[in-house]
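Please read them beside the sequence and the coordinates.

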Amino acid sequence: MDSPPNSPPQDPPSQDASLGVPAVVEEAPREPILTLPFALTAYILLLAVIHLRVLLPPELENWTIDVFGFIPKRYDTSLLNLEIPGGAGAKVWTFVTYSLLHANLTHLGFNVLWLLPFGSALARRFGAIRFFLFLAVTAAAGALAHLVTHEHAVAPMIGASASVSGAMAAAIRFAFVRGSFLSFSRSDADTAARVPALPLSRALRDGRVLGFLAVWFGVNIVFGVGAIGVDSETTSVAWQAHIGGFLAGLLLFTLFDPVPRARSDAADASSQDISDRI
């Protein structure tokens with residue numbers, strides 16, 4: 001029907017002319033609330049489920065920590081060996097399983113909080129299998145560092161901090177490259193996680209990387225020397241394990257990284273977080 005002669009002009013209704021029905025207006029897809037990669041989500045859920053062990057009777061919970069926690073005394077060759085649950089097998093699996101246990105929710109939450117930005121980028125870059133292997137290797141490196149510095153310790157070490165430290169170290173190899181997740185010119189999450197990484201020699205000359213390293217090592221040494229722990233009465237920060245995991249992540253990153261290396265001159269250019277001028 002035509003509009004009355006004196007009526008103001010109207011916009012034509014949105015419809016399909018061939019069918020005479022209103023056209024369907026497609027909405028832009030909404031961003032999901034949770035954008036964590038599957039591998040990281042699965043790892044966090046695993047940590048949370050394992051932490052339900054605190055609901056066990058105290059005797060069984062303590063046995064779990066003794067069997068799966070990392071106890072340097074297991075490897076003591078002196079005549080003062082103790083009978084520690086787990087037997088010979090625990091000398092192998094505890095290099096990794098200790099990292100899946102946490103003292104309390106604060107301990108667990110702190111590790112997850114640090115893992116979210118760095119672990120998310122790393123999981124996207126590595127894929128699930130490489131990501132899980134990387135966490136296991138850095139956990140083992142942290143346990144080794146703890147063993148070397150606490151040869152006769154009987155107290156179990158638990159927590160994912162060595163793996164978290166390793167993930168942080170690996171991520172800074174590409175975090176500051178233009179387009180990456182700590183760059184001012186950041187791309188979308190998947191693209192940001194796959195920018196070419198800096199060669200280690202180039203990364204160690206980058207002021208932002210050096211600043212990150214200085215702050216990270218400083219915080220760990222202050223916390224370690226001050227014996228500030230998750231549980232102030234019984235637990236101290238195993239900062240040597242943190243450093244072991246961090247160094248492993250920094251040095252072994254290339255073995256896990258599937259993204260092709262950039263040429264040295266290209267890496268220098270890409271690390272500059274500024275827009276190209278015409």
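**Notes on the predicted model**

1. Pro-258 is found in the loop between H10 and helix H11 (264-270); helices (H or I, at least four residues) and strands (E, at least two) are DSSP runs, numbered from the N terminus. This is a predicted model, in which local features need pLDDT of at least 70 and side-chain atom pairs count only at pLDDT 80 or more, while totals for chains, interfaces and linings use all residues. Residues are numbered from 1 along each chain as its sequence is written, and side-chain values use heavy atoms, with hydrogens and water left out.

2. Pro-258 has a relative accessible area of 36% and is therefore partly exposed; buried means under 20% relative accessible area, exposed over 50%, and partly exposed in between (1.4 Å probe, protein chains only). Not counting residues up to four places away in sequence, Pro-258 touches Arg-125, Phe-126 and Arg-130, where contact means heavy atoms within 4.5 Å. The C-alpha atoms of Pro-258 and Arg-130 are separated by 9.0 Å, although the two residues are 128 apart along the chain.

3. Which residues touch the most other members of the largest nonpolar core? They are Leu-122, Phe-131, Ile-172 and Phe-174, in a core of 42 residues. A nonpolar core is a set of buried Ala, Val, Leu, Ile, Met, Phe, Trp, Tyr and Cys residues joined through side-chain atoms within 4.5 Å. H1, H4, helix H5 (128-149), helix H6 (161-171), helix H9 (207-225) and helix H10 (239-256) each supply at least two residues of this core. H4 gives the most, with eight residues.

4. H6 is mostly covered, with 11 of its 11 residues buried. Among them are Ser-161, Ser-163, Ser-165, Gly-166 and Met-168.

5. The structure holds five salt bridges, a salt bridge being a side-chain nitrogen of Lys or Arg within 4 Å of a carboxyl oxygen of Asp or Glu. One of them joins Arg-124 and Asp-190 (3.1 Å, N to O). This pair links distant parts of the chain, with Arg-124 in helix H4 (residues 105-126) and Asp-190 in helix H7 (residues 189-192), 66 residues apart. Arg-124 is buried, at a relative accessible area of 15%, whereas Asp-190 is partly exposed, at 39%.

6. Asp-76 and Lys-73 also meet through their side chains in a salt bridge (2.7 Å, N to O). Asp-76 counts as buried at 5% relative accessibility, and Lys-73 counts as buried at 9%.

7. Glu-61 forms a salt bridge with Arg-53, and the closest N and O atoms are 3.6 Å apart. Glu-61 counts as buried at 17% relative accessibility, as does Arg-53 at 6%. Glu-61 is one of the buried residues of helix H2 (residues 58-68), the others being Thr-64, Ile-65 and Val-67. The buried residues of H2 pack against helix H3 (90-97).
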